[in-house]
Amino acid sequence: MATSWFSVLLLVSIVFSCFLAASAGDFYQEFDLTWGDKRAEILNGGRLLTLSLDKASGSGFRSKREYLFGRIDMQIKLVSGNSAGTVTAFYLSSEGPNHDEIDFEFLGNLSGDPYIVHTNVYSQGKGNREQQFYLWFDPTKNFHTYSIIWSPQGITFMVDNIPIRVFNNEESIGVPFPKNQPMKVYSSLWDADEWATRGGLVKTDWSKAPFNAYYRNFNAYSWNSVGTDVWRTQALDATGRRWLRWVQKYHMVYNYCADLKRFRHGRPRECRRSRFL
């Protein structure tokens, strides 16, 4: 089913590696450990990064470089066991009160329950465009690849090269879209037990601390100097759209576009234009 979609991704990756400034994997060169004291560590000669959370503090890191459009890949192995109350965030963000942001947040769970991946898009300081999905595998057993593909035409969230969400540029109908502010790559592991698991009903069990997340094989391709022909390859083909429908039909937990209680006076404009948000 996925042959043509993966072929497109492979071709795009080859083009990017040949013609663009690409970052690849060395955490010493690409990232700064920004908070958490010694709870964030770079190991194995720069090939592995770990974040840790205990009752005193979480931890986080930030890329040295900024990106204006591109593809960002990171392999992550999430907190195992009873991770309820914890959040592992992986996202792009600019700075300032009117910042742009593109979010993956992985919401911890009780042992045996599936992880929820929370996605959001901010433009000019405003978000509230949440979609949530159950992951269809155990993300704590092995590393999996989480990707953000950001172009002037839209944003695609991917898990192991399977698209789970597309947010199109709908500026033509007055919907803000992040396109002018370069963003850095961030990740953090922190305590959010007031909301993260079952709406805050399940609290962090600190007897299970420290909680640990693991990172490897970071890749970033900056596309801001590429012509429109490369941008056209970013759109989903028929196989990609089938994968997207499968994820949204069987694994979606929450879609802001379907939350009629929240938007009593009408759904956001972009929700009326596209099936895939």
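**Figure 1. Strand β11 and the two faces of its side chains.** His144, Tyr146, Ile148 and Trp150 point one way from β11, Thr145, Ser147 and Ile149 point the other way, and all are buried. In a regular strand, side chains alternate between the two faces of the sheet. This is a predicted model. Seven of the seven residues of β11 (residues 144–150) are buried, so the strand is largely enclosed by the rest of the structure.

**Figure 2. The strands paired with β11.** Strand β6 (residues 70–77) pairs with β11 in the antiparallel sense over seven bridges. Gly70 has Trp150 in β11 as its bridge partner. Strand β12 (residues 154–159) also pairs with β11 in the antiparallel sense, here over five bridges. Within this pairing, Thr156 in β12 is the bridge partner of Ile149. A hairpin of three residues joins β11 to β12.

**Figure 3. The eight-stranded open sheet.** Eight strands follow the order β2-β5-β14-β7-β8-β9-β10-β16 in an open sheet with antiparallel pairing. The edges are held by β2 (31–35) and β16 (252–255), each with a single partner strand, so one side of each is left without a neighbour in the sheet. On average, neighbouring strands of this sheet are turned by 15° against each other, direction ignored. Leu33 stands opposite Phe61 in β5.

Figure 4. A search of the whole structure finds 18 aromatic pairs. The rings of Phe61 and Tyr215 have their centres 5.0 Å apart and their planes at 90°, so this pair is edge-to-face. The pair links distant parts of the chain, with Phe61 in strand β5 and Tyr215 in strand β15, 154 residues apart. Phe61 is buried, with a relative accessible area of 1%, and Tyr215 is buried, with a relative accessible area of 0%. Ring pairs link Phe27, Phe31, Phe61, Tyr215 and Phe218 into a cluster.

**Figure 5. The nonpolar cores.** The largest nonpolar core holds 51 residues, of which Phe104, Phe106 and Tyr146 touch the most other members. Strand β15 (residues 211–222) contributes the largest share of this core, five residues. Another core, of five residues, lies apart from it and includes Leu107, Ile116, Ala192 and Ala196. In soluble globular proteins, nonpolar side chains tend to be buried together.

**Figure 6. The charged end of Lys77 and the ring of Tyr214.** The charged end of Lys77 sits over the Tyr214 ring, 5.5 Å from the ring centre.

**Figure 7. His251 and its surroundings.** His251 is found in the loop between α4 (238–250) and β16. The residue is buried, with a relative accessible area of 14%. Not counting residues up to four places away in sequence, His251 touches Gln132, Phe133, Tyr134, Trp136 and Trp246.

**Figure 8. The protein chain as a whole, as context for the close-up views.** The secondary structure of the protein chain comes to four helices and 16 strands. Of the 277 residues in the chain, 55% are buried. Among contacts between residues at least 6 apart in sequence, 69% join residues at least 24 apart.

How values were computed:
Residues are numbered from 1 along each chain as its sequence is written. This is a predicted model: local features need pLDDT of at least 70, side-chain atom pairs count only at pLDDT 80 or more; totals for chains, interfaces and linings use all residues. Side-chain values use heavy atoms; hydrogens and water are left out. Two strands pair if DSSP finds at least two bridges between them. Axes are lines fitted to C-alpha atoms, for helices over the stretch in contact, and angles run from 0 to 180 degrees between N-to-C directions. A nonpolar core is a set of buried Ala, Val, Leu, Ile, Met, Phe, Trp, Tyr and Cys residues joined through side-chain atoms within 4.5 Å. Buried means under 20% relative accessible area, exposed over 50%, partly exposed in between (1.4 Å probe, protein chains only). Rings of Phe, Tyr and Trp (its six-membered ring) pair if their centres lie within 6.5 Å; planes under 30 degrees apart count as stacked, over 60 as edge-to-face and the rest as tilted. A charge sits over a ring if NZ of Lys or CZ of Arg is within 6 Å of the ring centre and within 35 degrees of the ring normal. Contact means heavy atoms within 4.5 Å.
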